[in-house]
Amino acid sequence: INRIGIFTSGGDAPGMNAAIRAAVRTALYNGKKVTGIYHGYQGMIENTMFEMNSRSVSSIIQKGGTILKTARCMEFRTPEGRKTAYENLVNAGVDALVAIGGDGTFTGAEVFSKEYDIPVMCIPGTIDNDLNGTDLTIGYDTANNTVIDAIDKIRDTAASHNRLFFIEVMGRDSGCIALNAGVAGGAEAILLPEKETAIDELIDMLEHAADRNKSSMIVIVAEGDKNGGAKDVARRVNEKFDYYDTKVSILGHLQRGGAPSSADRVLATRMGYAAVNELLKGNTRATIGIRGSEIVTTPLEEALSKKELKLNEDLVEIAKIMAL
Ligand code: F6P
């Protein structure tokens, strides 16, 4: 390997910059050249690449977003798109890749690397924490902290007015943020995509809570909850349960931004370092992960096929008891 291409793809996540920085500096330390690729797979096709040096990644460890920009690229799903991408990489002298992103990024990396036999190592970056092969993804801790901050603030006003709030958090398929932030924010109920909660069941929970003289209530609704999001849930609950004035708050994309937490910066740094070292050892078509405190790798094929349940089942039970 002479030159490593590095890119971010899919939804951005706080800590991606820290991972870029670590990968760039580890590659340079090992005498390799580095090419930055803007906008993920789109940039490979459009040939928006540039030479990176140690200074290209100065003062980015504390920044949210990704300095390499990101995109979701439909063209890369076609053989023609991938052919153009490969030709551009060859012209730029790129002979290995570090890809930072979520499952769409992993899928692209797997297909591309099989088709053109280019070594690739993935780093899990998404606030959703929904990737296999790792306990934690980069950005998840920061997003949890952002959501907890929002819940705390909403609680202040909810308690002052005796209101019931439905707060929608991100997680199209994953309830990880909802569960963790819900527990940390003392939510009265948490609706998760992985566990169906019928509206009547939720109303029962709220009625019991009202009987216990709660002055305010917070229900966390994961975006992917099967009842259809916070607005729908609030409307349907209100049809039968109207003890409280009800409000809906959809946190949206603010959950993706902000300075990465200390935990995310360190995780991203360890993962960026490991990704380059694994490539240099000859490992390919795999993702970096963390299990407990150990950095591990998992073949992409396995990470993409085996569905791990990332929700902590104990925490689901604990959340119900804490709402008493
Ligand atoms: O980053 C993950 C995620 O936030 C999902 O939870 C959400 O559904 C999706 O990305 C939205 O991303 P975008 O608006 O960029 O398509």
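User: What percentage of the 324 residues in the protein chain is buried?
Analyst: Buried residues account for 48% of the 324 residues in the protein chain. Please keep in mind that this is a predicted model.

User: What is the mean pLDDT of the protein chain, then?
Analyst: The mean pLDDT is 96, and 100% of the residues reach 70 or more. The model also scores ipTM 0.95 and pTM 0.97.

User: Why would one look at pLDDT at all?
Analyst: Where pLDDT is low, the predicted coordinates should not be read in detail.

User: How many helices and strands are there?
Analyst: The protein chain contains 11 helices and 11 strands.

User: And the overall dimensions: what does the C-alpha trace span along its principal axes?
Analyst: The C-alpha trace spans about 70 × 35 × 30 Å along those axes. The radius of gyration is 22 Å, which agrees with the value near 20 Å that a compact globule of 324 residues would have.

User: What share of the contacts joins residues at least 24 apart?
Analyst: Among contacts between residues at least 6 apart in sequence, 76% join residues at least 24 apart.

User: New topic: which residues surround the ligand?
Analyst: The ligand is surrounded by Gly-11, Thr-126, Ile-127, Asp-128, Met-170, Gly-171, Arg-172, Glu-223 and Arg-256. By class, this shell has 4 charged, 3 polar and 2 nonpolar residues.

User: Glu-223 is on that list. How far is Gly-252 from Glu-223 in space?
Analyst: Their C-alpha atoms are 9.2 Å apart, and the two residues are 29 apart in sequence. Gly-252 belongs to the loop between β9 and α9.

User: Is Gly-252 buried or exposed?
Analyst: Gly-252 is exposed, because 11 other C-beta atoms lie within 10 Å.

User: What about α9 itself: how many residues does it have, and how far does it reach?
Analyst: Helix α9 covers residues 262–280, which is 19 residues. From its first C-alpha to its last it reaches 28 Å, close to the 27 Å expected at 1.5 Å a residue. Its buried residues include Leu-267, Met-271, Tyr-273, Val-276 and Leu-279.

User: What follows α9?
Analyst: Gly-282 follows α9, and its phi is positive, near 100 degrees.

User: Which residue comes after α4, and what is its phi?
Analyst: α4 is followed by Asp-117, with a positive phi near 55 degrees. The helix has 14 residues, 103–116, and should therefore span 20 Å at 1.5 Å a residue; its end C-alpha atoms are 20 Å apart, which agrees.

User: Which residues of α4 are buried, and what do they pack against?
Analyst: The buried residues of α4 are Thr-105, Phe-106, Gly-108, Ala-109, Glu-110, Phe-112 and Ser-113. They pack against the helices α2 (40–46), α3 (79–91) and α10 (300–305), and against the strands β4 (96–101), β5 (120–124) and β10 (286–291).

User: One last item: how far apart are Gln-62 and Ser-261 in sequence and in space?
Analyst: They are 199 residues apart in sequence and 8.4 Å apart in space, C-alpha to C-alpha. Gln-62 is found in the loop between β3 (49–52) and α3. With 11 other C-beta atoms within 10 Å, Gln-62 is exposed.

Key: Residues numbered from 1 in each chain as written. Predicted model: local features only at pLDDT ≥ 70, side-chain atom pairs only at ≥ 80, totals over all residues. Near = placed C-beta within 6 Å. Nonpolar A, V, L, I, M, F, W, Y, C, P; charged D, E, K, R; others polar. Helix = DSSP H or I, 4+ residues; strand = E, 2+ residues; numbered from the N terminus. Expected span 1.5 Å × (residues − 1). Buried ≥ 20, exposed ≤ 12 C-beta atoms within 10 Å, placed from the backbone. Rg over C-alpha atoms; globule rule 2.2 N^0.38 Å. Contact = placed C-beta atoms within 7 Å. pLDDT = per-residue confidence, 0-100.
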